[in-house]
Amino acid sequence: APEVAFLGRSNVGKSSLINALLGSKEAHTSSTPGRTRAINFFALHEGSGNNKKARPTLIFADLPGYGYAKISKSISSEWPTFIEPYLAERDQLALAVCLVDTNIPPQPSDTQLIHYFQQMQRPYLVVGTKADRVSKNVLNKNMAALRKVHEIDDILPVSAKTNDGIPQLWQRLHALAE
Ligand code: GDP
């Protein structure tokens, strides 16, 4: 099944977003196929009840958070040892969801990550988290700053709290399912 990886700085709201996606009615997780070092995998089985498919339609890969380490050259010490090899070599990786916080100024480590995907020409989607926390005006201003600094046109704002943007994100993910 195609894999969707979730990446973001610690505290960006990654766990909350994954829970919001998995908690919605459109998908069900049934098993955790494996745990490789610090990557957690969730298998998603489309449908419900007896219509539930035996084989997963999508796999979510929850990658470790980055950004706390005071390292300028790499976004974290785990980056060269297994995050980068995973992103570069994983054949079934269909999309990397890069999370950025819409409540704080653009972070250099996020720019680094996004530029990595642009350079490597690997499929990625930038998602702006915690969109419920600020007014519409402030959100629009912050989103414009994120787009400018990260040099990215398309950022999808979401809220794990209000579920705003979650159906739109699901739409993008469903397009990847076989
Ligand atoms: P992680 O470290 O990236 O997994 O981040 P968490 O999911 O643990 O979230 C970090 C903090 O942000 C927690 O206090 C969450 O309650 C809060 N948070 C996460 N998502 C949202 C959101 O969509 N809206 C609001 N208001 N708070 C959020």
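A: Start with L113, which sits in helix α3, residues 108-120. This is a predicted model.

Is L113 buried or exposed? L113 has 28 other C-beta atoms within 10 Å. The cut-off for buried is 20 or more, so L113 is buried. For a sense of distance, take I59. L113 and I59 are 54 residues apart in sequence. Their C-alpha atoms are 21 Å apart in space.

Now look at the whole of α3. The helix has 13 residues. At 1.5 Å a residue, they should span 18 Å.

Which residues of α3 are buried? They are D110, L113 and I114. Viewed down the axis of α3, these buried residues fall within an arc of 95 degrees, so they line one face of the helix. The other side of α3 holds P108 and Q119, which are exposed.

What does the buried face meet? The buried residues of α3 pack against β1, β6, β7 and α4. Just past the helix comes Q121, with a positive phi of about 55 degrees.

The loop between β7 (124-129) and α4 (136-150) contains K130. Phi of K130 is near 60 degrees, a positive value in a residue other than glycine. K130 has 22 other C-beta atoms within 10 Å, so K130 is buried.

Follow the chain past α4. E151 lies in the loop between α4 and β8 (155-157). E151 is not a glycine, yet its phi is positive, about 55 degrees. Is E151 buried or exposed? E151 has 10 C-beta neighbours inside 10 Å. The limit for exposed is 12 or fewer, so E151 counts as exposed.

The buried residues of α1 are K14, L17, I18 and L21. Seen down the axis of α1, they fall within an arc of 95 degrees, so they line one face of the helix. On the other side, N19 and G23 are exposed. The buried residues of α1 pack against β1 (3-8), β5 (58-62), β6 (93-101), β7 and α5 (166-174).

Helix α1, residues 14-23, also has a place around the ligand. It gives three residues to the shell, the largest share. In total, 16 residues surround the ligand. The closest are G13, K14, S15, S16 and A160. By type, the shell divides into two nonpolar, nine polar and five charged residues.

One more helix is worth a stop. W79 is in α2, residues 78-89. W79 has 21 C-beta neighbours inside 10 Å, so W79 counts as buried. W79 and P64 are 15 residues apart along the chain, and their C-alpha atoms are separated by 9.5 Å.

Finally, step back to the chain as a whole. It has five helices and eight strands. From the N terminus, their order is β-α-β-β-β-β-α-β-α-β-α-β-α. The chain has 178 residues, and 31% of them count as buried. Consider the contacts between residues at least 6 apart in sequence. Of these, 69% join residues at least 24 apart.

Note on methods. Residues numbered from 1 in each chain as written. Predicted model: local features only at pLDDT ≥ 70, side-chain atom pairs only at ≥ 80, totals over all residues. Helix = DSSP H or I, 4+ residues; strand = E, 2+ residues; numbered from the N terminus. Contact = placed C-beta atoms within 7 Å. Near = placed C-beta within 6 Å. Nonpolar A, V, L, I, M, F, W, Y, C, P; charged D, E, K, R; others polar. Arc of directions from axis to C-beta. Expected span 1.5 Å × (residues − 1).
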